[in-house]
Amino acid sequence: MGLPSGHVTAVPGLSRTAQLKALGNGVVPQQATAALRLLLDRCAPHAMPDAA
């Protein structure tokens, strides 16, 4: 998922169900990166007018 090993699983007292819930409700780094790139690609032509 792009998170360091034990990022969620090494939390003391966190049940397996709570671990899955925490990961399921979050955004993983690759997903966030892809979303930002998509938005930037869509906005870039409009944000930077052509100088020519």
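The model is predicted. Its secondary structure consists of two helices and zero strands. The accessible surface of the protein amounts to about 4,500 Å², and carbon and sulfur atoms account for 63% of that area.

Begin with the segment before α1, where Leu3 is found. Is Leu3 buried, partly exposed or exposed? Its relative accessibility is 31%. Buried means under 20% and exposed means over 50%, so Leu3 counts as partly exposed at its 31%. Leaving out residues up to four places away in sequence, Leu3 touches Leu23 and Pro29. The chain also brings Leu3 and Val28 to a C-alpha separation of 7.3 Å, although these two residues are 25 residues apart along the chain.

Next comes helix α1, which covers residues 16-24 and includes Gln19. Why does Gln19 count as buried? Its relative accessibility is 9%, and the cut-off for buried is under 20%, so Gln19 counts as buried. Which residues is Gln19 in contact with, once its neighbours within four places in sequence are set aside? They are Val8, Thr9 and Leu14.

The last stop is helix α2, made of residues 29-47. Leu39 is found in this helix. Together with Leu36 and Leu40, Leu39 makes a nonpolar surface patch of about 320 Å².

Terms used:
Residues are numbered from 1 along each chain as its sequence is written. This is a predicted model: local features need pLDDT of at least 70, side-chain atom pairs count only at pLDDT 80 or more; totals for chains, interfaces and linings use all residues. Side-chain values use heavy atoms; hydrogens and water are left out. Helices (H or I, at least four residues) and strands (E, at least two) are DSSP runs, numbered from the N terminus. Accessible areas come from the Shrake-Rupley method with a 1.4 Å probe; for residues, only the protein chains shown count as cover. Patches are made of residues with over 30% relative accessible area and no salt bridge: like charges are joined within 9 Å, nonpolar side chains (Val, Leu, Ile, Met, Phe, Trp, Tyr) within 5 Å. A salt bridge is a side-chain nitrogen of Lys or Arg within 4 Å of a carboxyl oxygen of Asp or Glu. Buried means under 20% relative accessible area, exposed over 50%, partly exposed in between (1.4 Å probe, protein chains only). Contact means heavy atoms within 4.5 Å.
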